[in-house]
Amino acid sequence: MTLRAVVFDVDGTLAETEETHRQAFNQAFKEHGLGWVWDRALYRALLNLTGGAERIAAFCAFAGLEVDTATLHAHKNDIYDNKIRSGSVELRAGVADPDPALSGGRGWLWRLARRPVGRTCMRC
């Protein structure tokens, strides 16, 4: 049997997605009327927590704020999904992009990013 691909992780491995996550968080915050902006340094610190909903909850706890974490996180995920589907996320150097005629453009990246691997959901 010949291996065609080995994927250990998607976020940050095949493409630089953490910045896209950060942008999606900030857009969700703005669209929910929150005055929050997570700059790169703050987001880097928040990455010590696993999961976007957990990051929102920790930020709220630290700042003494209350929000509907689940709704805000779901909105952030919709924004992130749209960014991935649009093809605006660049693959890292050395990652081969399949023939768009076969893969439907960057849709393969979105499908792979959303495929559960080792847990029930990979929504960060």
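Which element of the protein chain has the lowest mean pLDDT, and which the highest? Helix 5 (residues 100-103) has the lowest, at 48, and helix 2 (residues 40-46) has the highest, at 96. Here pLDDT is the predictor's confidence in each residue, from 0 to 100.

## Model and confidence

This is a predicted model, in which local features need pLDDT of at least 70 and side-chain atom pairs count only at pLDDT 80 or more, while totals for chains, interfaces and linings use all residues. Residues are numbered from 1 along each chain as its sequence is written, and side-chain values use heavy atoms, with hydrogens and water left out.

The protein chain has a mean pLDDT of 79. Of its residues, 69% reach 70 or more. Over residues 115-124 the pLDDT is below 50. That stretch has 18 contacts in the model beyond near neighbours in sequence; contact means heavy atoms within 4.5 Å. Helices (H or I, at least four residues) and strands (E, at least two) are DSSP runs, numbered from the N terminus.

## Helix 1

Helix 1 (18-31) has 14 residues. From first C-alpha to last it reaches 20 Å, close to the 20 Å expected at 1.5 Å a residue. The expected span is 1.5 Å times one less than the number of residues.

Its buried residues are Glu19, Thr20, His21, Arg22, Ala24, Phe25, Asn26, Ala28 and Phe29. Buried means under 20% relative accessible area, exposed over 50%, and partly exposed in between (1.4 Å probe, protein chains only). Their cover includes helix 2, helix 3 and helix 4. Just after helix 1, glycine 33 takes a positive phi of about 75°.

Helix 3 (residues 52-63) has 12 residues and reaches 17 Å, close to the expected 16 Å. Gly52, Arg55, Ile56, Phe59 and Cys60 are buried in it. The face turned away from the buried side carries exposed Ala61 and Phe62.

Glutamate 66 sits in the loop between helix 3 and helix 4. Its relative accessibility is 81%, so it counts as exposed. The C-alpha atoms of glutamate 66 and isoleucine 56 are 9.9 Å apart.

## Core and aromatic rings

The largest nonpolar core has 18 residues. Such a core is a set of buried Ala, Val, Leu, Ile, Met, Phe, Trp, Tyr and Cys residues joined through side-chain atoms within 4.5 Å. Phe25, Phe29, Trp36, Trp38, Ile56 and Leu72 touch the most other members. Helix 1, helix 2, helix 3 and helix 4 each give two or more residues to this core. Beyond four places in sequence, phenylalanine 29 contacts Leu34, Trp36, Trp38, Ile56 and Leu72.

The whole structure holds eight aromatic pairs. Rings of Phe, Tyr and Trp (its six-membered ring) pair if their centres lie within 6.5 Å; planes under 30 degrees apart count as stacked, over 60 as edge-to-face and the rest as tilted. Phenylalanine 25 and tryptophan 38 have ring centres 4.8 Å apart and planes at 40°, so the pair is tilted. Both residues are buried. Phenylalanine 29 and tryptophan 38 form an edge-to-face pair, 4.8 Å centre to centre with 70° between the planes. Ring pairs link Phe25, Phe29, Trp36, Trp38, Tyr43 and Phe59 into a cluster.
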